[in-house]
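Please open the structure in your viewer and keep the selection tool at hand. We will go from stop to stop, selecting as we go.

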Amino acid sequence: MAEKESKKELKKKLKKKEDKKAAKREKKSLMKLQRMIVTNLDVYYGDFLAVQDVNMEIRPKAVTAIIGPSGCGKSTFLRTLNRMHEITPSASVQGSVQLEGVDLYSDDVDPVEVRRHIGYVFQRPNPFPHLSIQENILAGIRLNKQKLSKEEENELVISCLKNVNLYKEVKDKLNQPATSLSGGQQQRLCIARAIAVKPNVLLMDEPCSALDPISTRSIEDLIVSLKSQFTIVIVTHNMQQAQRISDWCAFFNVTATGEPGRLVELDKTDTIFNSPNKKATSDYINGRFG
Ligand SMILES: Nc1ncnc2c1ncn2[C@@H]1O[C@H](COP(=O)(O)OP(=O)(O)O)[C@@H](O)[C@H]1O
Ligand SMILES: [Mg+2]
């Protein structure tokens, strides 16, 4: 009798384990899709509420630009989308960020996994200076302990370089240090590094702000060409850039220093620039403040 009971128990336990595994698998596969939904998001540095109550949908396979005056929380908000915000000591968030229904802040979601699915490109190009061009692209693969054959590695490097329109320029010097490249080339390399781990979403914080106008245009063209593969969110202080490359535009604002930044309006880029719904948006895009 007791034996029968314990067998039953064991079966139950095994089933629970299986269910958990299946749920985890499902979460992982859902993250392959690309829509993000932010709900009631508050973002803190210690006690300071930096960004308040953001609700927004980030459309899949489109470019969403985040604009707004300096200090309104654009970078802070962007970093919550792949859990980079929490790397800052004492930083925290309340509310939820979902990628296709998976809450990225749920207890059973690994932040490292989140950052693999949602890549990040910094304001200043930051290739690993001690690594070659080729090794920079493979850095994420190595970090994730993905095993590839030499041949697969070479193929990946070439396809990523082609994807960011850099292959022709560097094909004969893949083993040279990444620092031998120009600023614009380095930023394209950083984008290649970000896409090598096959993310769903790419976040970029003013990726052209350190570049000359020609390199800027080539990064802009690249962003537009990448949106058929990735959901892209870009912070930019350059309104022409937002108009040139984004499909959706989110205007953030802050009313006074010490006050939290807020999302004022999110709409199609065309609407934001030609017939915004809020006076604050129209004031900002017409250069009346900020
Ligand atoms: N590491 C930090 N610690 C404390 N406060 C911060 C930190 N980073 C940014 N802030 C504050 O959060 C607010 C939003 O900053 P930020 O996100 O950098 O704005 P933006 O990118 O729009 O210029 C500002 O008041 C800024 O001073
Ligand atoms: Mg910023």
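**First stop: the ligand**

Select ligand 1 and the 13 residues around it: those that come nearest are Y45, A50, K74, S75 and T76. Here a residue is near a molecule if its C-beta atom, placed from the backbone, lies within 6 Å of it. Two elements each give two or more residues to this shell, β2 (48-58) and α2 (74-80). Of these, α2 supplies the largest share, three residues. Helices (H or I, at least four residues) and strands (E, at least two) are DSSP runs, numbered from the N terminus. Colour the shell by class and you will find four nonpolar, eight polar and one charged residues. For that colouring, Ala, Val, Leu, Ile, Met, Phe, Trp, Tyr, Cys and Pro are nonpolar, Asp, Glu, Lys and Arg are charged, and the others, Gly among them, are polar.

A word on the model before moving on. It is predicted, so local features need pLDDT of at least 70 and side-chain atom pairs count only at pLDDT 80 or more, while totals for chains, interfaces and linings use all residues. Residues are numbered from 1 along each chain as its sequence is written, and chains are lettered from A and ligands numbered from 1 in the order in which they are written.

**Zoom out**

Show the whole protein as a cartoon: eleven helices and ten strands. Its C-alpha atoms fill a box of roughly 80 × 50 × 35 Å along the principal axes.

**Into the core**

Next, select I66, C160 and A192, which touch the most other members of the largest nonpolar core, a set of 68 residues. Such a core joins buried Ala, Val, Leu, Ile, Met, Phe, Trp, Tyr and Cys residues through C-beta atoms within 7 Å. Helix α7 (residues 183-196) gives the most to this core, seven residues. Stay on I66: beyond its neighbours within four places in sequence, it contacts K74, F77, L78, V233, V235, A250 and F252. Contact means C-beta atoms, placed from the backbone, within 7 Å.

**Strand β1 and its partners**

Now pick β1 (residues 36-45), which runs antiparallel to β2 with seven bridges joining them. Strands pair if DSSP finds at least two bridges between them. Look for V38, whose bridge partner in β2 is M56. The hairpin of β1 and β2 has two residues between the strands, and G46 takes a positive phi near 60° there. β1 also pairs with β4 (residues 91-99), antiparallel over eight bridges, and M36 stands opposite L99 in β4.

**The six-stranded sheet**

Follow the open, mixed sheet in the order β6-β7-β8-β3-β9-β10. β6 (118-121) and β10 (262-268) are at the edges with a single partner strand each, so one side of each has no neighbour in the sheet. From one strand to the next, the twist averages 15°. Angles run from 0 to 180 degrees between N-to-C directions, with axes fitted to C-alpha atoms, for helices over the stretch in contact. β6 pairs with β7 (residues 201-205) in the parallel sense over four bridges, and Y120 stands opposite L203 in β7.

**Last stop: a loop**

Is D172 buried or exposed? Find D172 in the loop between α6 (167-170) and α7; D172 counts as exposed because it has 8 C-beta neighbours inside 10 Å.

Definitions and conventions
A residue is buried if 20 or more other C-beta atoms lie within 10 Å of its own, exposed if 12 or fewer, and partly exposed in between; C-beta atoms are placed from the backbone. Two residues are in contact if their C-beta atoms, placed from the backbone, lie within 7 Å.
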